Amino acid sequence: MVTLLRQSYYDVHLLRDAPEGPPMDRLDDTDERILAELAEHARATFAEIGARVNLSAPAVKRRVDRMLDNGVIRGFTTVIDRSALGWNTEAYVQVYCHGTIAPDQLRAAWIDIPEVISAATVTGTSDAILHVLARDMRHLEAALERIRSVADIERSESIVVLSNLIDRSPS
């Protein structure tokens, strides 16, 4: 199966098992090379990818369409560099809920808050941890208020990042 070593400006989402539709028996070497090209140069045309993998543009399109239909490729996403927009205040927020809340409910509560760049349920005393980006402390405070108001949150604890020592996120 394909392993992405890094993501390109445009993110290619891969699945090992198709969520619906006929399962693919396996990806051949050409499919894997096409996926690697998409991950590295997602804005490349089918003709450009075809030149790199020795296929015609229509053959590349057929293979990409097949991988989309079978759930191997879930979609294409623009990855925005929020620091380029001036969103330089970063925090990790531990969230403590009243009682038990299903992960799907938490996801639904926070999915439309653009400052939340990732969220996960966790073990330990908190119920979830969120990675939050904002322009400044005032913007962060407003985002925290929205985070706390859209779910049954007992309390939250914020940890503001002073400096990132290691960053392996997509470039």
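Q: What makes the crossing of H1 and H2 right-handed or left-handed?
A: The crossing in this predicted model is right-handed. The word applies if the near helix is turned clockwise from the far one by less than a right angle, and left-handed if anticlockwise.

Q: Why is H1 called oblique to H2?
A: The axes of H1 (residues 29-40) and H2 (residues 46-53) come within 10 Å and cross at roughly 130 degrees. Under 35 degrees is roughly parallel, over 145 roughly antiparallel, 65 to 115 roughly perpendicular, and the rest oblique. Therefore H1 is oblique to H2.

Q: Which residues make the contact of H1 with H2?
A: Arg-33, Ile-34, Glu-37 and Leu-38 of H1 meet Ile-49, Arg-52 and Val-53 of H2. Contact means heavy atoms within 4.5 Å. Four of these residues are nonpolar, none polar and three charged.

Q: What makes a set of residues a nonpolar core?
A: Its members are buried Ala, Val, Leu, Ile, Met, Phe, Trp, Tyr or Cys, joined through side-chain atoms within 4.5 Å. Buried means under 20% relative accessible area with a 1.4 Å probe, protein chains only. The largest such core has 20 residues, including Val-95, Trp-110 and Val-132. Strands S3 and S5 and helices H4 and H5 each give two or more residues to this core. Another core, of twelve residues, lies apart from it, with Leu-27 and Val-60 among them.

Residues are numbered from 1 along each chain as its sequence is written. Local features need pLDDT of at least 70, side-chain atom pairs count only at pLDDT 80 or more, totals for chains, interfaces and linings use all residues, and side-chain values use heavy atoms, without hydrogens and water.

Key
Buried < 20%, exposed > 50% of the residue type's maximum accessible area, 1.4 Å probe, protein only. Helix = DSSP H or I, 4+ residues; strand = E, 2+ residues; numbered from the N terminus. Axes fitted to C-alpha atoms, helices over the stretch in contact; angles between N-to-C directions. Nonpolar A, V, L, I, M, F, W, Y, C, P; charged D, E, K, R; others polar.
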